[in-house]
Structure formats: C-alpha cells, structure tokens
Amino acid sequence: MVPIRDNVPTKIVPYVTYGLVAANILAFIYEADLPPQQLDGFFHLFAVVPRELTASFAGITVNQPVPEWITLITSQFLHGGLLHLGGNMLFLWIFGNNVEDRLGHVKYLIFYLACGVLAALAQWFFSQSSGIPSLGASGAIAGVMGAYILRYPTAEVLTLIPLGFFFPAVRIPAFYFLGFWFLQQAVYGVASLEARTNIGMESGGIAYWAHAGGFLFGAVLGFLFGMLKSDPQDQYSQYS
C-alpha cells in the first residue's frame, strides 16, 4: 500500500520536516557520488554496525575515528538506494508535518532524533554480533507514525493499492493503515529470530525490529511529549 496524503490540515509550516527531507536527500546525493569501495567504508563509519556498537558499550576500542554512539544519529540520514530513500521520505512527508504541528519545531526535532536512536538500539538488541551496517530514517519515521496514530487514529489516508495493472485509490483510517504496517513489522521481526531466511538485517535485508521498536517508542514518547493534549481546533479535511 502506497500512501498519497492524509486529511489532517496543519496550522504551521513544518520547517523541520522539510529540513529532514532535504538533509536525507543531500546525504544520498553525496553517497551516490562515492565509488563502491569508498561507499562501503562510509557506511561502516557512519551507519550502526551492531558488533562495533556492542564492543564500544563494553569499553573496547573499535578503531574508528568517529565514536560509535554517534552512528545512532548519523545512520538516520543514510540510505541504501533510491527506493529506500523515496519510501522513507514519502512517509515522513505525509505523517511528519502533523506531528510537528502538534509538538512544535524544537520538540519535534528532539522527538524525531530520539525515536531514531531508540529504534536503532532496538535493532541492535536483537543483532548484537552482526557486522552488517544498519542505516536509514525508517526507525525515526516509524516513531513519527507511532505518535501520529496516537493523535489521529480516525484520520483518513488516501492510499494506492496495487492490484495487478490497476492502482485504485482508497481512503483508509490511519488506525488500520498504520496498525497493519506495525503488525507486519512485528511479525517479520519475530520471524527473523526463528530462522536464517531472507527476512531481517542478518541477511542484509530490512531492520524490522527498528521499525517495530521505533513505532512503539514513538507512541510512548508522543504521549510523554503531549501529543494527546486537547485542541478544539483539531479538524479533518479532504486534503492534507
């Protein structure tokens, strides 16, 4: 399912969301200009490498010029391909503006980065000995989605559903759209623990625990940051 827009209008210009999208795109442009060997080294330096993070937590020097804990932040701005980047930025563009509208610019930025760090740690917890770099904004964006569903469960998400050669657009309540997404990530995360398949980061795939963990942390932090505070001006429209 591909979301197009929601029907929750914003009252502010979401400068932080725009800035995050721009930062991710600029980082990807830089990546795309690197030759393969340098790109691999770049990812090992600035993405989260679980076994190196494990070693750093144990006080063991990992022989990297950048402190390993910093990768919990820098990894949030790296992507492994154009589809990876495009999918993440689409979700951030649709759901981030409303969360920023509720939290305010500064609190939203803190919230976003915190969700990304906690999501990366969730993935690290289940793959502490892995040498595969973990990267992408999806953990932080999952946190945004967790906060969004907390505040706007009945909002409608206009969604393309691929059915062969046809792509009908339907309006799906956010509770079902995001709830299904979270359930899918959690199921695949559990599956990745049971068997070495093409599921999960161990095979160079998707960091499902970062997604599921980010979503849960986003809901919790969203509550703590005040996402549920009443606002009589809350309303839905036909377009986001």
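Predicted model: local features only at pLDDT ≥ 70, side-chain atom pairs only at ≥ 80, totals over all residues.

Contact here means heavy atoms within 4.5 Å.

Residues are numbered from 1 along each chain as its sequence is written, and side-chain values use heavy atoms, with hydrogens and water left out.

**Stop 1: the whole chain**

Colour by secondary structure. There are 9 helices and 3 strands in the protein. Helices (H or I, at least four residues) and strands (E, at least two) are DSSP runs, numbered from the N terminus. Along the sequence the pattern reads β-α-α-α-α-α-α-α-β-β-α-α.

Now think about burial. Buried means under 20% relative accessible area, exposed over 50%, and partly exposed in between, with a 1.4 Å probe and protein chains only. Of the 240 residues, 45% count as buried.

**Stop 2: the nonpolar core**

A nonpolar core is a set of buried Ala, Val, Leu, Ile, Met, Phe, Trp, Tyr and Cys residues joined through side-chain atoms within 4.5 Å. Which residues have the most contacts inside the largest one? Select Phe95, Val99, Tyr108, Tyr112, Tyr148 and Leu178. The largest core has 38 residues. Helices H1 (15-32), H5 (82-103), H6 (105-125), H7 (138-151), H8 (174-194) and H9 (208-224) each give two or more residues to this core.

Stay on leucine 178. Not counting residues up to four places away in sequence, leucine 178 touches Phe95, Met145, Tyr148, Ile149 and Phe215.

**Stop 3: aromatic rings**

Show the rings. Rings of Phe, Tyr and Trp (its six-membered ring) pair if their centres lie within 6.5 Å; planes under 30 degrees apart count as stacked, over 60 as edge-to-face and the rest as tilted. The whole structure holds 17 aromatic pairs.

Pick tyrosine 108 and tyrosine 112. Their ring centres are 6.4 Å apart and their planes are at 50 degrees, so the pair is tilted. The two tyrosines are 4 residues apart in helix H6, so about one helical turn separates tyrosine 108 from tyrosine 112. Both tyrosine 108 and tyrosine 112 are buried.

Next, select Phe91, Phe95, Tyr148, Tyr152 and Phe177. Ring pairs link these five residues, Phe91, Phe95, Tyr148, Tyr152 and Phe177, into a cluster.

**Stop 4**

Go to glycine 96, in helix H5. Is glycine 96 buried or exposed? Glycine 96 counts as buried because its relative accessibility is 0%. Beyond four places in sequence, glycine 96 touches Thr17, Phe91, Tyr108 and Val144. Draw a distance to alanine 147: glycine 96 and alanine 147 are 51 residues apart in sequence and 9.5 Å apart in space, C-alpha to C-alpha.

Move to glycine 146, in helix H7. With a relative accessible area of 0%, glycine 146 is buried. Leaving aside neighbours within four places in sequence, glycine 146 is in contact with Phe215, Gly218 and Ala219. Glycine 146 and valine 220 are 74 residues apart in sequence, yet 8.1 Å apart in space, C-alpha to C-alpha.

**Stop 5: polar contacts**

A polar contact is a pair of N or O atoms within 3.5 Å; within protein, one must be able to donate a hydrogen and the other to accept it, and residues adjacent in sequence count only if both atoms are side-chain atoms.

Select histidine 79, in the loop between helix H4 (71-74) and H5. Histidine 79 counts as buried, at 0% relative accessibility. A polar contact of 3.0 Å joins the side chains of histidine 79 and asparagine 88. A polar atom of the histidine 79 side chain also lies 3.4 Å from the backbone nitrogen of alanine 137.

Then select asparagine 7, in the loop between strand S1 (2-6) and H1. Asparagine 7 counts as buried, at 5% relative accessibility. A polar atom of the asparagine 7 side chain lies 2.8 Å from the backbone nitrogen of glutamate 156.
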